[in-house]
Each structure stands twice: as structure tokens, then as C-alpha cells.
Amino acid sequence: MRLENIKLDVDFVKSQFPAFEHPLSKDWSFFENAGGSYVPKNVINRLTEFMVSTKVQPYAEYPMSKIAGENMDLAIELFAKMINAKKKEILIGGSTSINLYILSNALKKFVQHGDEIIVTNQDHEANISPWRKLKSSGAIIKEWKFNIDNHELELEDLEELISEKTKILAVTHCSNIVGSINNLKKICKLAHSKNIIVIGDGVSYAPHGFPDVKELDVDFYTFSLYKTYGPHLGLLYGKEEIIKELPNQNHEFLEGNYPYTINPGGPNHEELVSLIGIYEYFNKLYDHHYGKDENSIQKKIKKINNLISSHEEIIANPILEYIFKRDDLYLIGKNEIKDKNRAPTISFFSKNMSSKDISNKLLKEKIATRNDNFYAWRCLNALGLNTEDGVVRLSLVHYNSLKDSSNVINALNKI
Ligand SMILES: Cc1ncc(COP(=O)(O)O)c(C=O)c1O
């Protein structure tokens with residue numbers, strides 16, 4: 001078999017996630033992944049092991065404490081490698097929302113009265129509100145609006161917004177409603193030509209493939225680990241040359257000890273250590289499909305990403321096509337995944353039924369979904385939608401199968 005022909009072995013994938021065998025969840029098609037994903041055995045094992053044997057204050061010399069500290073360091077080291085960052089460029093915090101909030105507070109240092117900050121109306125609010133609040137420090141906020149006809153953020157519109165005074169651009173790598181993958185590399189290139197700092201929100205991107213932050217050349221990048229098969233934590237990457245210039249927001253004696261200077265409260269220890277389980281899971285996935293070899297984790301991640309993308313295309317396109325073709329339903333964003341142009345995060349609404357009603361009917365068919373604005377309420381506002389009722393969102397990841405796709409299409413057919 002030629003390597004390029006290798007397809008994701010979904011049965012193997014599912015066998016790694018105990019939720020697919022648990023009586024409570026096993027009969028459901030799970031389409032709420034953009035809200036939070038299931039976790040593989042390795043993550044659960046790491047968490048359990050930590051709680052049983054090393055749940056003590058870390059970094060002392062007795063074995064339980066020493067091992068706890070070593071594993072906490074290891075988790076950061078492995079995640080840094082997975083996204084091609086340095087250890088000192090990674091900060092693990094409680095969530096993306098808190099990470100972006102503390103980052104905006106730190107970046108205030110670079111914002112003078114009259115400086116401009118660009119935010120979008122396509123992002124989740126976590127990457128909008130903290131930047132808009134810098135108005136109180138004298139910043140002028142400009143909004144990069146998405147094209148209302150195709151729901152995309154257009155680069156020409158950004159070019160028009162940028163001025164000599166622009167200091168910060170906060171933009172999503174992939175909207176949690178529209179699903180399109182924005183060309184963050186191109187956006188960074190344009191912004192950097194004007195010395196603008198770019199903050200990319202990768203929360204809806206990373207579950208479909210861990211990014212190479214150096215290749216993107218983004219200044220700060222954030223994603224939520226509980227959506228990338230891990231516990232409820234958020235990862236913030238920042239370029240070392242900028243992080244080390246940020247003010248110390250931690251205890252005074254920690255001055256200069258970046259990246260700990262940014263976050264006054266460290267991460268939850270047991271959850272941090274369980275991140276090693278995500279690394280182990282991705283290695284397992286690689287070994288199962290390609291055999292054990294000495295490739296770097298970066299190379300492995302790139303191959304796994306391609307495997308995942310091809311699978312996601314196969315399972316999501318029938319749903320996209322089905323919704324797009326129904327006269328009574330309105331699909332948001334592109335109607336096909338092609339060449340990684342879109343994540344399988346599918347939002348839609350009905351022209352004659354509330355999103356709540358649709359969601360309730362889907363639940364009766366054991367389709368785990370919901371209706372909401374998913375905190376992208378500026379996006380829904382721009383689309384003229386009721387932000388209470390919101391849209392119905394079907395979000396898939398690599399452990400979803402074609403069976404899930406036909407289940408949801410059959411369920412929609414009954415509505
Ligand atoms: C695209 C996007 N950005 C940011 C966030 C906020 O993440 P957190 O819940 O970790 O604060 C979410 C959460 O759903 C999201 O979907």
C-alpha cells in the first residue's frame with residue numbers, strides 16, 4: 001500500500017476513547033466537539049496516575065514531589081515540540097478567555113493614546129472583548145467585518161483598515177461559526193510589514209491539526225486544550241522576543257522569569273500532567289498508521305494532520321452538501337471542504353423553525369448537538385440572527401465516522 005493511500009482507522013481511533021463504550025454516551029452521535037471533545041485513555045491514565053501517586057506540592061526532592069514536578073515540565077516541553085515552539089514560549093492557563101485577558105493586560109504596555117487595535121466580528125468574544133477594553137487605555141478600536149455575502153474575512157478589507165497607528169490585530173484562525181480557515185500566515189505577513197502584533201485564536205483550528213506556530217509566524221497563538229482531547233486548560237504561545245518584554249504580572253520576586261511573569265496563577269497541576277497523554281495519543285495514532293520510526297514529533301504531527309483532514313473531508317462533505325441543498329435551511333460558510341479550506345464545524349439555521357426546535361428534534365434522534373450563539377454573538381448579529389436562539393452547530397472531529405454523518409442526515413430528513 002502506498003503511504004499516501006493510508007486512511008484514518010476510525011475504529012482504532014474510537015477504541016482509544018472510553019466515552020464510545022460508556023453506557024451514557026455510547027449510543028449517541030457526538031456533534032458538540034467544538035464545545036469540548038472527549039479524551040483518550042492516555043489522558044485519563046495520566047490524570048489518574050498523578051492523583052494516586054504524585055498529588056503533592058511539586059519540585060521538592062522526595063520522589064512523589066520530584067516526579068510531579070518533572071512531569072509538569074515534561075508536559076510543557078512536549079507541547080512546545082508539538083507546535084514547534086520553545087519551552088519558554090508556552091504558557092498554560094485556565095482557559096483561552098483568561099489567557100487572552102491577561103495577555104491584553106500585559107500588551108497595554110505597547111499601546112499609546114491614539115494607537116489603533118483591529119478586531120474582527122467573526123471571532124469568538126474571547127479574542128474581541130479583551131482588546132476592545134483597551135479603549136480605556138486610549139486605544140482606538142477598528143472592526144474588520146466579514147463579507148456578509150460569503151461570511152469570509154477579506155484581506156483587502158484588512159489592508160484598508162491598517163494605518164501607521166495600528167499596533168495590534170486580533171483575528172481568528174478559524175471561526176467557531178463560519179468554519180472557514182483564515183490564511184493566518186498571509187495575515188501575519190501583511191501585519192508584520194507594518195510592525196503590527198498579531199494574536200491568532202486557534203481554538204477552532206487546533207482540534208483538526210496542531211499548528212506549526214513558527215511557520216505561521218504569528219506573535220501570539222491560543223487554543224483550548226479541552227477541545228484538543230485534553231482537560232479544561234488553555235495554551236498560550238508567544239514569541240520569546242515579545243514575551244520577555246512584557247511586564248511582570250506575577251509576584252515581584254519573579255521579575256524576569258518569563259513566561260511565568262504573565263500569569264499570576266499557574267495551571268492546575270494534575271491537568272497539566274495529563275497533557276502528556278495527548279502527546280502519547282498522537283504518537284500512538286502515528287505508530288498505528290505509519291509504524292514506529294524516529295521521525296520528530298513535528299513531522300509526525302504533520303502526517304497525522306493530513307490523515308485527519310482527509311477523513312474530516314469525507315465525513316463532513318455529505319452533511320454540508322445535504323444542508324446546502326435544503327431550501328428551508330441556511331448554511332453558514334463554505335458548502336464544501338476542499339484543500340483544508342474549512343473545518344468541519346457546521347452552523348446553520350432554518351428559515352421557518354427555531355434553532356432550539358431543530359436541536360431538540362435532533363436530540364430525540366440521539367444526535368448530541370445544541371443551539372446557541374457560541375459566544376460569537378457579533379458574528380450572529382452581523383448575520384441578523386437572534387443571538388438567544390442562535391444557530392444549530394454540528395461540529396465534527398476525527399473520531400466521528402461516516403455512520404455519524406448518515407445518522408445526522410437521517411435525523412434532519414425527519415424534520
Ligand atoms: C473560537 C473560540 N475562541 C475562544 C474560545 C474560548 O475558549 P475558553 O473556553 O477556553 O475560554 C472558544 C470557546 O468555545 C472558541 O470556540
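Residues are numbered from 1 along each chain as its sequence is written. In this predicted model, local features need pLDDT of at least 70 and side-chain atom pairs count only at pLDDT 80 or more, while totals for chains, interfaces and linings use all residues.

The protein chain has 15 helices and 13 strands, taken as DSSP runs numbered from the N terminus (helices H or I, at least four residues; strands E, at least two). Its radius of gyration, taken over C-alpha atoms, is 21 Å, close to the 22 Å given for 415 residues by the globule rule (2.2 Å times the number of residues to the power 0.38), so the chain is as compact as a globular protein of that length. Along the principal axes, the C-alpha trace spans about 65 × 55 × 40 Å.

Seven strands form an open sheet with mixed pairing, in the order β2-β8-β7-β6-β5-β3-β4; two strands pair if DSSP finds at least two bridges between them. At the edges stand β2 (90-93) and β4 (140-144), each pairing on one side only. Inside the sheet, β7 (residues 220-224) and β8 (residues 234-238) are antiparallel and share five bridges, with Y221 partnered by Y237 in β8. Helix α4 (residues 96-107) packs on this sheet, where it touches β2, β5, β6, β7 and β8, and its direction makes about 160° with that of β7. Contact here requires C-beta atoms, placed from the backbone, to lie within 7 Å. Angles run from 0 to 180 degrees between N-to-C directions, with axes fitted to C-alpha atoms, for helices over the stretch in contact.

A second open sheet has four strands in the order β9-β10-β13-β12, with antiparallel pairing. Its edge strands, β9 (329-331) and β12 (370-372), each have a single partner, so one side of each is left without a neighbour in the sheet. Three bridges link β9 to β10 (residues 345-350), and Y330 stands opposite F349 in β10. Helix α13 (residues 355-364) packs on the sheet and touches β10, β12 and β13; its direction makes about 165° with that of β12.

Turning to the helix pair, the axes of α2 (residues 41-53) and α11 (residues 276-290) come within 7 Å and cross at roughly 150°. That makes α2 roughly antiparallel to α11 (over 145 degrees). In this contact, N42, V43, N45 and R46 of α2 meet I276, G277, I278, E280 and Y281 of α11.

Technical notes:
Parallel < 35°, antiparallel > 145°, perpendicular 65-115°, else oblique. Contact = placed C-beta atoms within 7 Å.
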